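Please read them alongside the model.

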Amino acid sequence: MSKTTSRPQSAAQGDEVLVDVTDLKKFYGGEGFFAGPPVKAVNGVDFTIKRGETLGLVGESGCGKSTLGRTLLQLETPTEGSITFDGTDVTTLSGSDLKEWRRNAQMVFQDPESSLNDRMTVGEIIREPLDAHDWKTKQERRERVLDLLSAVGLRDEHYFRYPHQFSGGQRQRVGIARALALEPEFLVLDEPVSALDVSVQAKIISLLEDLQEEFNLTYLFIAHDLSVVRHICDRVAVMYLGKIMELGETEELFQDPSNPYTKSLISAIPRPDPTDTTRRITLPGTPPSPRDAPEGCPFATRCPAKIRPEEYTHLDEDVWDGIERFREVIRERSRMDLGVTGLARRGVGRFSRFDDLEEAVSDLFEGVDVPEEVRVHIEQAVEYAKKGYPSKAREYLYEEFSSVCDREKPKFYETSGTARYSYCHRHANEYEDVDPVISRRTSDE
Ligand SMILES: Nc1ncnc2c1ncn2[C@@H]1O[C@H](COP(=O)(O)OP(=O)(O)OP(=O)(O)O)[C@@H](O)[C@H]1O
């Protein structure tokens with residue numbers, strides 16, 4: 001059986017840990033009497049970054065990558081959890097201590113277009129953090145800027161130019177020089193090449209690699225482009241709906257992913273090799289709202305390897321898929337606020353938001369032979385929803401069709417000897433492994 005742990009550890013225990021994140025959460029809103037549930041942008045993550053390492057952070061848009069990066073740098077206040085940087089818990093710093101620490105940890109943004117002030121010269125932009133920290137003398141600051149220009153592959157005469165006179169790649173070099181001005185040890189690179197042409201991307205990546213070596217930098221590299229991540233990162237963390245689903249050494253994670261979510265992301269990378277027969281896993285539906293994440297595994301509503309409740313393991317794939325998609329329809333529609341008019345209409349039995357629900361059910365189960373044991377429950381849920389009680393319909397379906405994946409949070413399982421961790425119930429001894437389940441379920445696609 002795979003070993004379980006409450007939090008992933010670094011690959012090599014002997015290496016020096018620079019950043020250590022424990023149960024970090026960042027929620028937006030949700031406070032006050034009339035507020036709805038909070039947006040759980042980062043919902044309890046644990047990881048470490050070793051000194052000199054590049055940790056990649058990947059996942060679909062909206063999964064919480066940028067929020068995690070900003071919270072790490074204390075640009076956002078964490079809701080819960082700790083961030084230790086070189087042994088100091090930085091979430092407790094304030095005033096001059098926080099300002100001093102900020103020198104050490106900087107951010108490079110995705111869009112060099114909008115992150116640079118167009119009214120300042122390039123020299124002023126790079127010098128600004130030095131001025132703000134009253135760094136050495138005026139002359140030394142000027143010399144520092146010239147050194148930084150050269151370090152990022154720009155020339156002295158660029159000092160007096162304006163960002164709009166530069167190409168996208170050159171502007172990103174300016175952004176990098178500015179981030180390096182105060183000699184930080186740690187950089188959060190938030191999609192640093194996503195806005196650039198492919199040929200320029202390669203040059204910026206190679207610059208980042210050279211600078212890392214020269215200044216012994218540690219990077220958190222946020223990206224959605226997996227091929228870039230594969231090239232530059234030592235280890236990768238895969239994020240979904242505010243949680244880290246898998247973390248491990250890059251090449252191993254790409255070649256033999258453990259988690260069903262990582263498997264589906266990697267299966268979607270276009271493969272130039274025609275003999276490569278890896279089956280593409282198409283994920284149904286969309287990620288749930290971070291205001292309304294599943295109680296158990298965040299990936300439960302779309303997972304191709306989801307564990308079914310005992311009494312329904314015999315159902316055909318298409319029946320089960322129909323049930324899951326029907327649950328999604330009810331979930332999404334029940335999230336819409338009823339409002340005063342909706343409540344009034346429900347009061348007089350004229351509720352209409354679910355009038356087309358039977359049609360939706362026919363579409364979902366088109367051509368599928370739905371057994372009686374399932375049909376009765378679908379019909380009952382349709383009735384609740386049409387009467388104006390979608391939450392009751394949702395709870396009813398949950399009671400009937402939920403499994404351990406909906407109800408219980410998984411543990412982290414160590415899935416290889418190189419400190420790879422995956423957050424999935426299927427790694428427990430009592431369940432069938434991920435691979436055979438996925439290949440059975442995708443064989444009809
Ligand atoms: N200031 C904010 N207030 C409220 N919600 C926010 C705020 N910032 C982010 N969110 C929400 O938090 C969730 C995570 O957003 P985040 O930008 O961190 O995701 P991401 O993975 O970086 O996405 P992308 O790749 O599109 O930048 C989203 O649902 C987003 O709408």
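Helices (H or I, at least four residues) and strands (E, at least two) are DSSP runs, numbered from the N terminus.

1. Basis. This is a predicted model, where local features need pLDDT of at least 70, side-chain atom pairs count only at pLDDT 80 or more, and totals for chains, interfaces and linings use all residues. Residue numbers start from 1 along each chain as its sequence is written.

2. Domains. The chain is split into domain 1 (3-267) and domain 2 (310-402). These bounds come from an automatic or database domain assignment. The C-alpha centres of domain 1 and domain 2 are 43 Å apart.

3. α11 with α14. The axes of α11 (residues 317-335) and α14 cross at roughly 10° and come within 12 Å. Axes are lines fitted to C-alpha atoms, for helices over the stretch in contact, and angles run from 0 to 180 degrees between N-to-C directions. α11 and α14 are therefore roughly parallel. Val319, Ile323, Phe326 and Ile330 of α11 make the contact with Val374, Ile378, Ala381 and Ala385 of α14. Two residues are in contact if their C-beta atoms, placed from the backbone, lie within 7 Å. The contact of α11 with α14 has 8 nonpolar, no polar and no charged residues. Ala, Val, Leu, Ile, Met, Phe, Trp, Tyr, Cys and Pro count as nonpolar, Asp, Glu, Lys and Arg as charged, and the others, Gly among them, as polar.

4. α14 with α15. Helix α14 (residues 372-386) also packs with helix α15 (residues 390-401), at about 160° and with axes 7 Å apart. The pair is therefore roughly antiparallel. From α14, His377, Gln380, Ala381, Tyr384 and Ala385 meet Pro390, Lys392, Ala393, Tyr396, Leu397 and Glu400 of α15. The contact of α14 with α15 divides into 7 nonpolar, 2 polar and 2 charged residues.

5. α4 with α6. Helix α4 (residues 122-132) packs with helix α6 (residues 168-180) at about 25°, their axes 7 Å apart. That makes the two roughly parallel. α4 passes α6 in a right-handed crossing. Val122, Ile125, Ile126 and Pro129 of α4 touch Val174, Ala177 and Arg178 of α6. The contact of α4 with α6 has 6 nonpolar, no polar and 1 charged residues.

6. Ligand shell. Which residues are closest to the ligand? They are Tyr28, Ala41, Ser61, Ser66 and Thr67, in a shell of 13 residues (C-beta atom, placed from the backbone, within 6 Å). β3 (39-50) and α1 (65-72) are the elements that give two or more residues. α1 gives the most, with 3 residues. The shell has 5 nonpolar, 7 polar and 1 charged residues.

Conventions
Angles under 35 degrees count as roughly parallel, over 145 as roughly antiparallel, 65 to 115 as roughly perpendicular and the rest as oblique. A crossing is left-handed if the near helix is turned anticlockwise from the far one by less than a right angle, and right-handed if clockwise.
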